[in-house]
Amino acid sequence: MTDELTVCAAAFFRSIGKDVTTSEEFVMIASLELKWMSPSDAKLLLRTLLSEGIMEKKGEYIRTAKDLSGVDLPLAYKPSKEVLDMIHSGPSPTPAPAPKKESDLDLFHVLIGVASENGIQTRDFVPICSKIQKRLDIDIAAAALLVLRDKGVDISPYVEKVYDGISGTTN
């Protein structure tokens, strides 16, 4: 199984065209762009790849633990059912993500739903949010609020939740 996990990591990084990413990007790309699995499964996959030593985390950046450029990839790779079964029953995660980021990502998925309800397609919304997040160096949920506001959506019900997620406070 570890061999397919290595193929999975190699396929992910080749598809994004760079050798470093963040946890948030990994989840968004694996679930929403590559359509490999749900966001919650993508989080589990990331934890498994980290705990198996295939990927490593330094600061907030994630990269492969070794050079995977020589890994042969099947055409249109998608993780198999065995990988999905393994991440659900597999090893307990060693690196625990910060709760703030988890709730921020969950809130981002809520905001994706708000965008969809207001006629903004997910395939347009997510890349715009990602671009703003990178350009302004802000949390993805804050970027989503900016996009929604610019599209004329009332963001007032979500502002405090995003702020609480960013500042780490809860009401």
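Is Arg14 buried, partly exposed or exposed? Arg14 is partly exposed, at a relative accessible area of 39%, where buried means under 20%, exposed over 50% and partly exposed in between, with a 1.4 Å probe and protein chains only.

Some ground rules before the rest. This is a predicted model, in which local features need pLDDT of at least 70 and side-chain atom pairs count only at pLDDT 80 or more, while totals for chains, interfaces and linings use all residues. Residues are numbered from 1 along each chain as its sequence is written, and side-chain values use heavy atoms, with hydrogens and water left out.

On confidence: pLDDT is the predictor's confidence in each residue, from 0 to 100. The protein chain has an average pLDDT of 84, and 87% of its residues score at least 70. Residues 92-102 are the stretch to treat separately, as pLDDT stays under 50 there. For that stretch the model has 14 contacts beyond four places in sequence, a contact being heavy atoms within 4.5 Å.

Now the overall layout. The protein chain has 8 helices and 3 strands. These are DSSP runs numbered from the N terminus, helices being H or I with at least four residues and strands E with at least two. From the N terminus the order is α-β-α-α-β-β-α-α-α-α-α. Of the 171 residues in the protein chain, 43% are buried. Taking contacts in the protein chain between residues at least 6 apart in sequence, 62% join residues at least 24 apart.

Back to Arg14, which sits in helix α1, residues 2-16. Beyond its neighbours within four places in sequence, Arg14 contacts Leu68, Ser69, Gly70, Val71 and Leu73. Arg14 and Leu73 are 59 residues apart in sequence, with 9.6 Å between their C-alpha atoms.

Next, the pair α6 and α7. Their axes come within 8 Å and cross at roughly 115°; axes are lines fitted to C-alpha atoms, for helices over the stretch in contact, and angles run from 0 to 180 degrees between N-to-C directions. The crossing is right-handed, meaning that the near helix is turned clockwise from the far one by less than a right angle, left-handed being anticlockwise. On the α6 side the contact includes Phe125, Ile128 and Cys129, and on the α7 side Ile140, Ala143 and Ala144 are among those they meet. By class, the contact has 11 nonpolar, 2 polar and no charged residues. Here Ala, Val, Leu, Ile, Met, Phe, Trp, Tyr, Cys and Pro count as nonpolar, Asp, Glu, Lys and Arg as charged, and the others, Gly among them, as polar.

The loop between α6 and α7 holds Asp137 and Asp139. Asp137 is exposed at 70% relative accessible area, whereas Asp139 is buried at 12%. Asp137 also has a positive phi of about 55° although it is not a glycine.

Ala76 is another non-glycine residue with a positive phi, near 55°. Ala76 is in the loop between β3 (61-64) and α4 (81-89), and is exposed at 72% relative accessible area.

Last, the cysteines. How many disulfides does a search of the whole structure find? The search finds 0, a disulfide being a pair of cysteine sulfur atoms within 2.5 Å. Cys8 is buried at 0% relative accessibility, and Cys129 is buried with a relative accessible area of 0%.
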